[in-house]
Amino acid sequence: MENKLNIDGRLIPEVDCSKPLIMAGPCSAETENQVIDTARQIAAMGVKVFRAGIWKPRTRPNAFEGVGSEGLQWLRSIKEETGMKIAVEVANVKHIYEALKNGVDILWIGARTSANPFAVQEIADSLRGVNVTVLVKNPVNPDIELWIGALERINAAGITNIGAIHRGFSGYGKSNYRNSPHWQIPIELRRRIPGLYIINDPSHISGKREMIMELCQTAIDLDFDGLMVETHCNPEQAWSDADQQITPQHLDYIIKNLVMRKQDVCDKNAETLEEMRLHIDKLDDEVLQVLEQRMNIAEKIGIFKKANNVTILQSARWSDLMKKRINAGLSKGLSEAFVQKIYLAIHEESIQRQKMVMNK
Ligand code: PEP
Ligand code: MN
């Protein structure tokens, strides 16, 4: 499906949004001193956008749910003093009303809200005719259509200063990440909506400050337009998301050490890159041919099983195969998780094929 969004080339009017656009500030505004102290340090580094949560969507009740509208006055004075633009999360019409009344420049829709089309539509309806920048975080679940749908709803209300924030996707079970990045999803978003600003949020992806720098670099390598990094004057004592916030000094270090790579590598190198790409194309061809052969054999097995009245799935064979493939993969330097994912997909397709021939 073609996705046509009417996008203004400038994400935030009056701000130089060239790469990498940095947005920083605490997970939550906690006290007037905390936001002002953090903001002054961030502004001194040249950051142009200050973020802070005023209303916090918490997983469990009785956690700190934000200071509410009072904090908007603190943000307003930060804007006046430092000239930074102010970004705040909004989840309903009241939040929008309060934020706009207090001069907030950028509204962002959080991951829990963008997963709910009713909520997004209500937000969109209340933004009709308003001149403001809106950033849409990916929904908590890895559903690109839902993410695009939210962007479309906001855009259809006339908001053209629109961008996306990639903050990772929740999953069940143990993982290195708080929210898995599934990088292929923002990459696909870029393909589907060329020209859309995509900002990476390494804080909510990692959940821990030690990983922020490498995630920032990955995002830059993948051609993201900017970074939104949770930054706090005293991260250990933060009232929310303490493990993932970094100090302004830490942020400064990251920004100064980011390696910006060239989009198009010139002359000699370009040829090598081109060659490497051709090589990859060729290998992918081979991978697909092998898969075709494998599925043809799966069909033959289906015919055999039908003739001999054998069930499609033989669990012992399947778990034995998976173990062997994982070991073989490990010896080739392929991670267990990767091999497992590939074989789950292959197996599913195999069963599909066998079902087709058995039910003919
Ligand atoms: C946040 O940015 O503080 C936040 C709550 O983010 P998300 O909606 O990505 O969880
Ligand atoms: Mn947070």
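E299 is partly exposed, because its relative accessibility is 23%. Here "buried" means under 20% relative accessible area, "exposed" over 50%, and "partly exposed" in between, found with a 1.4 Å probe on protein chains only. R353 is also partly exposed, with a relative accessible area of 22%. The side chains of E299 and R353 meet in a salt bridge, 2.9 Å from N to O. This pair links distant parts of the chain: E299 sits in helix 11 and R353 in helix 13 (residues 336-358), 54 residues apart. Helices (H or I, at least four residues) and strands (E, at least two) are DSSP runs, numbered from the N terminus.

This is a predicted model: local features need pLDDT of at least 70, side-chain atom pairs count only at pLDDT 80 or more, and totals for chains, interfaces and linings use all residues. Residues are numbered from 1 along each chain as its sequence is written, chains are lettered from A and ligands numbered from 1 in the order written, and side-chain values use heavy atoms, without hydrogens and water.

**Salt bridges**

Side chains of opposite charge can pair when their charged atoms come close. A salt bridge is a side-chain nitrogen of Lys or Arg within 4 Å of a carboxyl oxygen of Asp or Glu. The whole structure holds 18 salt bridges. Three of them are listed here.

| Pair | N to O distance |
|---|---|
| E14 and K85 | 3.1 Å |
| D221 and R261 | 2.6 Å |
| E299 and R353 | 2.9 Å |

Take E14 and K85, joined by a salt bridge. E14 lies in the segment before strand 1 (21-25) and K85 in strand 3 (residues 85-89), so the pair ties together parts 71 residues apart in sequence. E14 is exposed, at 75% relative accessibility. K85 is buried, at 14%.

Next come D221 and R261, which also form a salt bridge. D221 is in helix 9 (residues 212-221), and R261 is in the loop between helix 10 (248-257) and helix 11 (267-308), 40 residues apart. D221 is partly exposed at 38%. R261 is exposed at 54%.

Salt bridges also link E145, E188, R191 and R192 in a network.

**The manganese site**

Which residues hold the protein donors of the manganese ion (ligand 2)? They are C27 (SG), H204 (NE2), E230 (OE) and D241 (OD), at 2.1 to 2.4 Å from the ion. Donors are N, O and S atoms within 2.8 Å of the metal (3.2 Å for Na, K and Ca); water is not among the atoms, so sites may look incomplete. Their spacing in sequence is C-x176-H-x25-E-x10-D. C27 lies in the loop between strand 1 and helix 1 (32-44), and D241 in the loop between strand 8 (226-230) and helix 10, so the pair ties together parts 214 residues apart in sequence. Both C27 and D241 are buried.
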